[in-house]
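Visitor: Let's go through this model. I'll ask as I look.

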Amino acid sequence: MMEVGGNASANSIYEAYIPDGVTKPGPDAGHEQRSNFIRSKYEFQEFLKPSLRIISGKSSLESSSTKSAIDSFRSTSGTERQEGMVEFIGLLKVKVIKGTDLAIRDIKSSDPYVILSLGQQTVQTSVVSSNLNPVWNEEYMLSVPEHYGQMKLKVFDHDTFSSDDIMGEADIDLQSLITSAMAFGDAGMFGDMQIGKWLKSDDNALIEDSTVNIIDGKVKQMMSLKLQNVESGELDLELEWIPLDQ
């Protein structure tokens, strides 16, 4: 679930147009009633001001690489822009920042690299030789399908003469980032503020709560992940949502 930072002004945007006959669930409301209201509010955006349901505007802060990715995306045909008839709704810029205390897979160290997967797309970082605390600071662009799932992350140890060894993995929930970004529309219209949050729980890999923020007109989310199914290792990422019409 997404928490909008306890911010009254943000809630006033998400709940600006609650229709007659629809009541916000109280503390004693049942699970199904609360779940239906949350889905209507965040996923279906039924209570938003109509103008905020359409992402518009163009940021002057776009990097040339971002412009190139968007232009390339737009230039493809309708068939090429679909994965089995599923339209893409935006772009996700992922910055793989660093790893910390990664697992040893060679004699005394490892040669780590990261693989990210979303839908049918996969990207891979460079290999950092003999380093358990690698710094990548590498950015990658992924297209987000309409029915997006979790982004998959895996860390491997590169081996020359044998198959690469797994060094941990994590699943990344994109809902808080994407629903917050789409709800607020043109982020350039707002000052710096928190607009969402992915909460740490026993069911995810977060080390601490991960907030979604508008920063300099862009929607970004920093996160630190504890790698799963491995003896040690953490990974830091930064996500940025880029609407197609930016």
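Visitor: What is the relative accessible area of Phe190?
Guide: Phe190 has 21%, so it counts as partly exposed (buried is under 20%, exposed over 50%, partly exposed in between, using a 1.4 Å probe and protein chains only). This is a predicted model: local features need pLDDT of at least 70 and side-chain atom pairs count only at pLDDT 80 or more, while totals for chains, interfaces and linings use all residues. Residues are numbered from 1 along each chain as its sequence is written, and side-chain values use heavy atoms, without hydrogens or water.

Visitor: How many aromatic pairs are there?
Guide: Two in the whole structure (ring centres of Phe, Tyr or the six-membered ring of Trp within 6.5 Å; planes under 30 degrees apart are stacked, over 60 edge-to-face, the rest tilted). Tyr113 and Phe156 are stacked, at 5.8 Å centre to centre with 20° between the planes. Because Tyr113 sits in strand S2 and Phe156 in strand S5 (residues 151-157), this pair ties together parts 43 residues apart in sequence. Strands here are DSSP E runs of at least two residues and helices are H or I runs of at least four, both numbered from the N terminus.

Visitor: Tyr113, buried or exposed?
Guide: Tyr113 is buried at 6% relative accessibility, and Phe156 is buried at 18%. As for Phe184 and Phe190, their ring centres are 5.1 Å apart and their planes stand at 75°, so that pair is edge-to-face. Phe184 is buried, with a relative accessible area of 1%.

Visitor: New topic. What is the strand order in the open sheet of four?
Guide: The order is S3-S2-S5-S6, with antiparallel pairing (two strands pair if DSSP finds at least two bridges between them). S3 and S6 (165-172) are the edge strands, each with a single partner, so one side of each has no neighbour in the sheet.

Visitor: How do S2 and S3 pair?
Guide: S2 (residues 112-118) pairs with S3 in the antiparallel sense over four bridges, and Leu118 has Gln121 as its bridge partner. The two strands make a hairpin with two residues between them, where Gly119 in the turn has a positive phi of about 60°.

Visitor: Which S3 side chains are buried?
Guide: Gln121 and Val123, which point to one face of S3 (residues 121-124).

Visitor: Last topic: how many salt bridges?
Guide: Three in the whole structure (a side-chain nitrogen of Lys or Arg within 4 Å of a carboxyl oxygen of Asp or Glu). One of them joins Lys93 and Glu240, with the closest N and O atoms 3.9 Å apart. Lys93 lies in S1 (residues 88-100) and Glu240 in S10 (residues 234-243), 147 residues apart. Lys93 is buried at 9% relative accessibility, and Glu240 is buried at 6%.

Visitor: What about Arg105 and Glu231?
Guide: Their side chains meet in a salt bridge at 2.7 Å, N to O. Arg105 is partly exposed at 26%, whereas Glu231 is exposed at 54%.
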